[in-house]
Amino acid sequence: YKEPLTKGVITVYDEQGNTVSGVEVRLSQENIIGIEQTNIESTQLSDASGRSEHVLENEAVMNVDAVLYDGNNMDTLYYGQSAIRLTFGKTINKNVQLLTY
């Protein structure tokens, strides 16, 4: 018997619709009073196809933050934000667009 995975796959795009690699993608859930599973965090870098995969033990509603600093100009920040509802035993896909911050 293999335990089913609860997985979120985040794909990061730029303003032109191109996928972006090397983006720090963070899924997080702050402390919520009365909720057992809190203070959860998963941080991954997006791969060559702009995707990051996050596996959790339980279902959860997570905040999604995607951050990329311009390598040539550290003053330029690209940022995207969303939320994802992870369902036990399923893979949920979510797209996040980066905008200049």
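How many helices and strands does the secondary structure of the protein chain come to? I found zero helices and eight strands, where helices (H or I, at least four residues) and strands (E, at least two) are DSSP runs numbered from the N terminus. Read along the sequence, the pattern is β-β-β-β-β-β-β-β.

Housekeeping before going on. The model is predicted, so I kept in mind that local features need pLDDT of at least 70 and side-chain atom pairs count only at pLDDT 80 or more, while totals for chains, interfaces and linings use all residues. Residues are numbered from 1 along each chain as its sequence is written, and side-chain values use heavy atoms, with hydrogens and water left out.

**Whole chain.** I noted that buried residues make up 33% of the 101 residues; buried means under 20% relative accessible area, exposed over 50%, and partly exposed in between (1.4 Å probe, protein chains only). The chain exposes about 6500 Å², and carbon and sulfur atoms supply 45% of that area. Accessible areas come from the Shrake-Rupley method with a 1.4 Å probe, and for residues only the protein chains shown count as cover. Next I looked at contacts (heavy atoms within 4.5 Å). Among those with a separation of 6 or more, residues 24 or more positions apart account for 55%.

Which order do the strands of the open three-stranded sheet have? I read 4-1-7, with mixed pairing; two strands pair if DSSP finds at least two bridges between them. Strand 4 (51–56) and strand 7 (91–97) are the edges, each pairing on one side only. Neighbouring strands here are turned by 20 degrees against each other on average, direction ignored. The axes are lines fitted to C-alpha atoms, for helices over the stretch in contact, and angles run from 0 to 180 degrees between N-to-C directions.

I then took the two pairings in turn. Strand 1 runs antiparallel to strand 4, joined by six bridges; Thr-6 stands opposite Leu-56, and Lys-7 has Val-55 as its bridge partner. With strand 7, strand 1 pairs in the parallel sense over seven bridges, and Thr-11 is partnered there by Asn-95.

**Two residues of strand 1.** Strand 1 is mostly covered, with seven of its eight residues buried. Is Lys-7 buried or exposed? Lys-7 counts as buried because its relative accessibility is 17%. Beyond neighbours within four places in sequence, Lys-7 is in contact with residues including Glu-53, His-54, Leu-86 and Ile-92.

Tyr-13, also in strand 1, counts as partly exposed because its relative accessibility is 27%. Leaving aside neighbours within four places, its contacts include Asn-18, Val-20, Asn-95 and Leu-98. I also checked the C-alpha separation of Tyr-13 and Val-23, ten residues apart along the chain, and got 9.9 Å.

**The core.** The largest nonpolar core has 16 residues, and Ile-10, Val-12, Val-25, Leu-27 and Met-62 have the most contacts inside it. Such a core is a set of buried Ala, Val, Leu, Ile, Met, Phe, Trp, Tyr and Cys residues joined through side-chain atoms within 4.5 Å. Strand 1 (6–13), strand 2 (24–29), strand 5 (60–69) and strand 6 (77–86) each give two or more residues, and strand 5 gives the most, with four. Leaving aside neighbours within four places, I found Val-25 in contact with Ile-10, Val-12, His-54 and Val-64, among others.
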